[in-house]
Every structure is written in C-alpha cells, then in structure tokens.
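Today I am opening my notebook on a new structure. I will jot down what I look up, one topic at a time.

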Amino acid sequence: MQPHVLVAEDEDALSELLRYNLKKEGFQVSMAADGEEAMMLVKERQPDVVLLDWMLPELSGIEVCRRLRSRHETRNLPIIMLTARGEEPDRIRGLDTGADDYIVKPFLMKELFARVRAVLRRIRPGLVEDIVTAGDITVDRVAHRVTCGGAEIHLGPTEFRLLDYLIQHPGRVFSREQLLDAIWGSDVYVETRTVDVHIGRLRKALNASADTNPIRTVRSAGYALNANRD
Ligand code: CA
C-alpha cells in the first residue's frame with residue numbers, strides 16, 4: 001500500500017521537486033498551494049501524512065495545523081512542518097502547533113523521507129511495517145502471508161489488499177466507495193456490489209480458521225475490521 005502524502009507548499013519549484021521525488025519514492029502525492037486548499041483536500045480524502053509549509057497564503061501552515069488538531073477526524077493525522085531558516089524550531093515548539101516534526105529548508109530528500117517514515121512508523125505503524133497484526137490476524141506484506149489464530153489462510157490478491165487496507169485502520173468504518181477508491185483506484189469503474197463480493201470471500205477465508213467474525217458490517221455505512229477480538 002502506498003502511503004498518501006499531502007504537500008502544502010506555495011513555492012512552485014520546491015513543490016514540484018517534492019511531488020517528483022515523493023512519487024519516485026513510492027508515495028501517492030496530492031498538492032495544495034495554499035492553506036485553504038490544504039484543508040479542503042484533507043476533508044475530501046484524508047492523507048496518511050501532511051507536509052505543511054509554515055508560511056502559506058490564505059491560511060498559514062500554523063493555522064492549518066491548529067485546525068487539523070481541533071477536528072476529531074484529523075486529531076492524530078501526522079504533520080511535518082516545513083520551515084525556512086530563521087524560523088527556529090524552539091519558536092515553532094513554543095507556538096505549540098501540535099506538529100509531529102519539522103524540517104528546515106533547504107533539506108535533502110533522503111532526510112525528508114527518513115522523517116516521513118519515522119512519523120508514520122510512530123503514528124501509523126500499520127502503514128509502514130512489514131508485519132501488521134490486529135487481534136489474532138497477522139498480515140506479512142513481504143511474504144504475502146496471512147495467518148488467523150495461528151493458522152495460515154490463503155487469500156486472492158484483491159482480498160489480500162482489502163485486508164491489508166482494513167488492518168491499517170482497525171475499528172474505522174469504510175464505505176463501499178472508500179474501499180473502491182482505495183483498493184481498485186478512483187479512476188476505475190467498478191460497481192459497489194463488487195466490494196460486498198470480495199468482503200464476503202475475505203470473511204469466509206478468515207472464518208474458516210476462527211469462529212468469530214472479524215469484519216463488521218455497519219448498516220448503511222460500510223465495513224470495519226474489529227480492533228479487538230475476544
Ligand atoms: Ca511558503
């Protein structure tokens with residue numbers, strides 16, 4: 001699964017450089033050129049991490065950061081501030097914006113990647129770790145192996161991607177449309193019923209080795225992987 005990074009930066013040259021390099025490094029990238037646009041994009045589709053320029057037009061990076069922290073949905077969204085020389089880290093910390101990290105311009109891309117991965121590892125381990133566990137389900141992304149209650153289970157490629165996605169966000173409810181976008185991509189036309197078919201197969205595979213149902217159907221909302229299973 002490619003982590004989705006939102007870059008909010010108004011300097012064209014830097015924002016283009018970030019877009020190019022992040023894509024090359026395997027990230028999905030969205031771009032915002034001002035603070036209002038950044039807020040709008042986050043509400044539209046929540047990224048996994050935000051690279052937020054400190055000085056942005058319309059709404060400053062500091063204000064964007066505060067607003068994201070005050071919304072329930074984005075309270076824990078990883079945020080890395082991009083600051084210019086002279087905007088000292090101490091001052092940034094003093095302003096208590098709630099950012100998870102900051103990086104001073106100019107920076108090396110490899111330093112930025114390291115920070116992004118460190119923040120993701122800390123806040124969203126399910127996104128960057130090779131082996132992810134929720135309850136008695138374990139997904140090994142390198143070996144492409146899934147176990148449930150200690151027994152290995154065999155999944156088709158779509159079911160594997162569905163489980164891999166759900167396990168990154170235990171307990172969170174996803175609509176069929178959100179799952180379609182995440183697993184099949186927003187540019188592919190697939191009927192929402194297709195999601196039900198693959199969820200059905202995934203459930204059947206998981207239930208074969210456990211008698212509880214790890215995937216919850218939320219009426220008129222969608223599906224969620226139970227965070228804790230008894
Ligand atoms: Ca700027």
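**Entry 1: ground rules.** Before the sheets, I note that two strands pair if DSSP finds at least two bridges between them. Helices (H or I, at least four residues) and strands (E, at least two) are DSSP runs, numbered from the N terminus. I remind myself that this is a predicted model, in which local features need pLDDT of at least 70 and side-chain atom pairs count only at pLDDT 80 or more, while totals for chains, interfaces and linings use all residues. Residues are numbered from 1 along each chain as its sequence is written, and side-chain values use heavy atoms, with hydrogens and water left out.

**Entry 2: the antiparallel sheet.** I looked up an open sheet of four strands, ordered β6-β7-β8-β9, with antiparallel pairing. The edges are β6 (131-134) and β9 (151-153); each has a single partner strand, so one side of each is left without a neighbour in the sheet. For angles, axes are lines fitted to C-alpha atoms, for helices over the stretch in contact, and angles run from 0 to 180 degrees between N-to-C directions. On average, neighbouring strands here are turned by 25° against each other, direction ignored. I then followed β6 and β7 (residues 137-140), which pair in the antiparallel sense over four bridges. Thr133 has Thr138 in β7 as its bridge partner. Helix α7 (residues 157-168) packs on this sheet and touches β6, β7 and β8 (145-148), its direction making about 115° with that of β7. Contact here means heavy atoms within 4.5 Å.

**Entry 3: the parallel sheet.** In what order do the five strands of the open parallel sheet run? I read the order as β2-β1-β3-β4-β5. Its edge strands are β2 and β5, each pairing on one side only. From one strand to the next, the twist averages 20°. I picked out β3 (residues 49-53) and β4 (residues 79-83), which pair in the parallel sense over four bridges. There, Leu51 stands opposite Ile80 in β4. Helix α3 (residues 61-70) packs on the sheet, touching β3 and β4, and its direction makes about 170° with that of β4. I also found α5 lying across β3, β4 and β5, at about 175° to β5.

**Entry 4: the calcium ion.** Which protein atoms are the donors of the calcium ion? They are Asp10 (OD), Asp53 (OD) and Met55 (O), lying 2.1 to 2.3 Å from the ion. Donors are N, O and S atoms within 2.8 Å of the metal (3.2 Å for Na, K and Ca); water is not among the atoms, so sites may look incomplete. Along the chain the donors follow the spacing D-x42-D-x1-M. Next I checked accessibility, where buried means under 20% relative accessible area, exposed over 50%, and partly exposed in between (1.4 Å probe, protein chains only). Asp53 is buried at 3%, whereas Met55 is exposed at 53%.

**Entry 5: salt bridges.** Side chains of opposite charge can pair when their charged atoms come close. I counted a salt bridge as a side-chain nitrogen of Lys or Arg within 4 Å of a carboxyl oxygen of Asp or Glu. By this rule the count is 14. One of them joins Lys105 to Glu9, with the closest N and O atoms 3.0 Å apart. Lys105 lies in the loop between β5 (101-104) and α5 (109-123) and Glu9 in the loop between β1 (4-8) and α1 (12-24), so the pair ties together parts that are 96 residues apart in sequence. Lys105 is buried at 12% relative accessible area, and Glu9 is buried at 2%. Glu9, Glu11, Asp53 and Lys105 are linked in a network of salt bridges. Another salt bridge joins Arg117 and Glu25, at 3.0 Å from N to O. Arg117 lies in helix α5 and Glu25 in the loop between α1 and β2 (28-32), so this pair ties together parts that are 92 residues apart in sequence. Arg117 is partly exposed at 26%, as is Glu25 at 36%.

**Entry 6: the whole protein.** I end with the overall picture. The protein has nine helices and eleven strands. Buried residues make up 47% of its 230 residues. Its C-alpha trace spans about 60 × 30 × 30 Å along the principal axes.
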